[in-house]
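Biologist: Before I plan anything around this protein, I would like to go through its structure with you. Please show it, and then I will ask about it piece by piece.

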Amino acid sequence: MSSAPASAGPDLTRGIGASEIPEDGVLGGHVGDDPVVLARVEGALVAVSGACTHYSGPLKEGLKVGGTLRCPWHHACFDLVTGAALEAPALAPLDRWKVEVKDGKVFVHEKLAPADALEPMAAGAPKSVVLKSVVIVGGGGAGFACAQRLRDLGYEGALTLLSADAHAPYDRPNLSKDYLAGEADPAWMPLKHDAFYPDHRIDLRLSTTVERIDTAARRVTLGDGTALDYDALLLAMGAEPNRPHAPGFDRDNVFVLRSWADSDALIEAAKGARAVAVVGASFIGLEAAAAMRTRGLDVCVIAPESLPLETKLGAEVGRFLQGLHETHGVRFHLGRSVSAFDGETLTLDDATTIAADLVVLGFGVKPRLDLARAAGLKIDGGVLVDACFRTSAPGVFAAGDIARFPNPAGGAPIRVEHWVAAERQGQIAAANILGAQAPIHEPAFFWSAHYDVSIRYVGHAEHWDRTEIDGDLAAQSATVRYLKGETVLAAATIGRDLEALRIGQAMRDANDRRMARATAAGV
Ligand SMILES: Cc1cc2nc3c(=O)[nH]c(=O)nc-3n(C[C@H](O)[C@H](O)[C@H](O)COP(=O)(O)OP(=O)(O)OC[C@H]3O[C@@H](n4cnc5c(N)ncnc54)[C@H](O)[C@@H]3O)c2cc1C
C-alpha cells in the first residue's frame with residue numbers, strides 16, 4: 001500500500017497561525033516524518049495522526065463532521081478527540097498529539113498517551129443483558145470486527161471466534177489486488193498480530209467448522225463433536241464462490257478466490273503459467289485479471305454480459321473499465337459463456353477455443369446459508385435480520401455477506417457483499433449483543449481497484465431508472481449517480497474521494513431523518 005506523504009503541509013513544530021485551522025475541516029501538516037492533522041472540536045484544538053490506520057489514507061483530505069474525521073479512501077471514521085477508530089475498516093486508533101498555543105500560534109511537538117479505544121458501554125447496558133458466553137461463527141470481516149468491538153465496549157465474558165479458515169482473520173479484499181499481483185508483503189495481511197487474541201481473551205479456534213446450531217438449547221456443535229453453549233451467537237459465515245456447471249471446471253488448474261489459501265494457490269500456479277482465462281467479469285474476476293497482467297501473463301476474460309459490471313455500475317462505468325483493462329492488454333470475450341475446459345483449452349458456447357494454463361473463476365458468490373437454514377432461522381436469499389442484526393431466533397445475530405437487513409434508506413431489505421459493510425455490521429451487532437438498540441443507519445460502501453484506478457461506491461442500487469455523470473470517466477475524474485425518480489440510490493466516484501464522502505454523509509443524514517420520523521410516528 002502506498003502511504004500518505006509524511007512531510008506534506010507545514011512543519012507543525014514551528015507553529016502555525018491559529019486562524020489557519022478551519023472550523024469545518026482539518027489542517028494537515030507534519031511533525032518530523034509523522035503526518036498530523038489539526039482540527040477544532042467544540043472550541044478546542046486537537047491533533048491526531050494524519051494517516052488512516054487501515055491503509056494509511058491521507059486524513060487531511062478526509063471529511064470532518066462534528067468531532068469525527070472520515071478517511072477519503074475506504075471511509076473509516078475516527079474520533080478527533082480520542083483518536084478512537086469508531087467505524088471500520090480502521091481497526092486501530094489514531095495517535096493523539098499534544099497541542100500548545102503560544103502567542104497566537106499553534107504548535108505540535110509530542111504524542112499524548114493513547115486514550116481508551118472506546119467508551120465501554122457494558123455498564124450502561126440494560127440489566128437484562130447479562131452475557132457469560134458469546135460465540136461467533138466465522139473469522140472474516142464481520143466476525144472479527146464483532147469480536148474486537150465486544151471487547152472494546154467492555155464485554156468481559158467468554159468470547160469464542162470459530163473459523164473454518166486455517167489463517168487468523170486477514171485482509172480478504174487484498175487477495176485479488178496487491179497481494180495477488182505480488183506487490184503486498186504477506187505481513188500486511190493479518191488484521192491483527194497473533195498476540196491480539198490472547199491479549200483480548202478471544203478464544204480463536206482456526207480450522208474449526210460449526211456443523212449444527214441448536215437455537216433452543218443455545219448450543220453449537222463443531223465438526224469434531226465438541227459442543228459450545230452460548231448466550232449470544234453471531235453468524236458470519238460469508239459466501240462461497242460459484243462454479244460453472246459445464247464440465248472440466250473442477251480441475252486442479254481451475255481456481256476460485258475466496259480465502260488466503262486460494263490466493264496463494266493461484267500465485268503458485270501463475271508462476272509457471274503463460275496464459276490465464278478469467279471466467280466472469282465480476283469485481284473479483286477483473287481485479288484478478290489486473291493482478292495477472294501485473295505478473296506479465298496473457299489474460300482473457302469471458303463473461304455473458306455485454307459490458308463488464310454493467311448490472312452493478314451501469315454501462316458507462318462498464319465501458320470505462322473494459323477500456324482500462326484492454327489498455328493493459330486484457331482481451332474480452334463478452335456475451336459468451338463457457339461450455340467446457342479440458343485442462344488446456346476452454347471451449348465457449350460459440351465453439352471459440354482459448355488456450356489457458358489456468359482458469360480463474362470470478363462470477364459471483366452465494367451466501368453460506370446451510371447452517372442457518374438447518375437451524376430453522378428465517379431466510380430469504382440471506383439470513384433475515386432486523387436493523388440491529390437480530391435473526392428470527394432469540395440471542396442469534398447475523399452479519400456480513402449472509403445477512404439480509406433493512407435498507408436504512410427504505411425499501412426492501414438488502415444483502416451486500418462488501419468488506420467495510422461486513423465489518424460495520426459486525427460492529428453494530430456487537431453493540432446490540434450487549435443490549436444497545438443501535439440500528440444500522442449508514443449507507444453501504446465498497447471500493448474496487450484496477451491497476452492504479454480506484455472506484456468508491458456509496459449506497460445501494462440494484463435497479464435504477466437513469467444515471468447522471470458529472471465529470472469525465474476517461475479523464476478519471478467523475479461521479480456517477482444512480483437514480484430512481486429523483487432519489488439518488490447510490491453513487492460511484494473515480495478520482496473524487498471527497499465527493500464520495502460527502503454523498504455518503506448526505507445519505508447518512510437522510511437515513512437519520514427518515515429513522516427519526518419513523519420513531520416519532522411509532523413505526
Ligand atoms: C478476493 C476478494 C476480494 C474482495 N474485494 C473487495 C473489495 O475490494 N471491496 C469490498 O468492499 N469487498 C470486497 N470483497 C468482499 C468482502 O471481502 C466480503 O464482502 C467480506 O469478506 C464478507 O465478510 P464476512 O465476514 O461476511 O465473510 P468472510 O469474510 O468471507 O468470512 C467468513 C468466515 O466464515 C468462516 N466459515 C464459513 N463457514 C463456517 C462454519 N460452518 N464454521 C466456522 N467458520 C465458517 C470462513 O472460513 C471465513 O473465515 C472481496 C472478497 C474477495 C473474496
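Modeller: His75 counts as buried, at 5% relative accessibility. Bear in mind throughout that this is a predicted model.

Biologist: Where is His75 found, and what is its phi?

Modeller: His75 lies in the loop between strand 6 (68–70) and strand 7 (77–79). Most residues other than glycine have a negative phi. His75 is not a glycine, yet its phi is positive, at about 70 degrees.

Biologist: Phe389 also has a positive phi; is Phe389 buried or exposed?

Modeller: Phi of Phe389 is near 70 degrees, and the residue is not a glycine. Phe389 sits in the loop between strand 28 (383–384) and strand 29 (396–398). The cut-off for buried is under 20% relative accessible area. Because its relative accessible area is 0%, Phe389 is buried.

Biologist: Which peptide bond is cis?

Modeller: Most peptide bonds are trans. In the loop between strand 8 (85–87) and strand 9 we find Pro89. With omega near 15 degrees, the cis bond is the one from Ala88 to Pro89.

Biologist: Which elements do the buried residues of helix 6 pack against?

Modeller: The buried residues of helix 6 include Leu313, Val317, Phe320, Leu321 and Leu324. Just after the helix, Gly329 takes a positive phi of about 95 degrees. The packing partners of those buried residues are helix 5 (283–294), strand 22 (331–334), strand 31 (445–450), strand 32 (453–459), strand 34 (477–484) and strand 35 (487–494).

Biologist: In what order do the strands run in the open sheet of five strands?

Modeller: Pairing in this sheet is antiparallel, and the order is 31-32-35-34-33. Strand 31 and strand 33 are the edge strands, each pairing on one side only. From one strand to the next, the twist averages 15 degrees. To restate the order, it is 31-32-35-34-33.

Biologist: How many bridges join strand 34 to strand 35, and which strands does helix 9 touch?

Modeller: Strand 34 and strand 35 run antiparallel and are joined by seven bridges. Tyr482 has Ala490, in strand 35, as its bridge partner. Helix 9 (residues 497–520) packs on the sheet, its direction making about 10 degrees with that of strand 32, and the strands touched are strand 32, strand 33, strand 34 and strand 35.

Biologist: What is the residue whose side chain makes a polar contact with that of His460?

Modeller: His460 is in the loop between strand 32 and strand 33 (466–472). It is buried, because its relative accessible area is 18%, and the cut-off is under 20%. Leaving aside neighbours within four places in sequence, His460 is in contact with Ile414, Arg415, Val416, Leu489 and Ala490. The polar contact of 2.7 Å is with the side chain of Glu462.

Biologist: Which residue takes a positive phi in the hairpin of strand 15 and strand 16?

Modeller: Strand 15 is joined to strand 16 (residues 227–229) by three bridges, and the two run antiparallel. Val220 has Leu228, in strand 16, as its bridge partner. The hairpin has four residues between the strands, and the residue with a positive phi, near 90 degrees, is Gly225.

Methods:
Residues are numbered from 1 along each chain as its sequence is written. This is a predicted model: local features need pLDDT of at least 70, side-chain atom pairs count only at pLDDT 80 or more; totals for chains, interfaces and linings use all residues. Side-chain values use heavy atoms; hydrogens and water are left out. Buried means under 20% relative accessible area, exposed over 50%, partly exposed in between (1.4 Å probe, protein chains only). Contact means heavy atoms within 4.5 Å. A polar contact is a pair of N or O atoms within 3.5 Å; within protein, one must be able to donate a hydrogen and the other to accept it, and residues adjacent in sequence count only if both atoms are side-chain atoms. Two strands pair if DSSP finds at least two bridges between them. Axes are lines fitted to C-alpha atoms, for helices over the stretch in contact, and angles run from 0 to 180 degrees between N-to-C directions.
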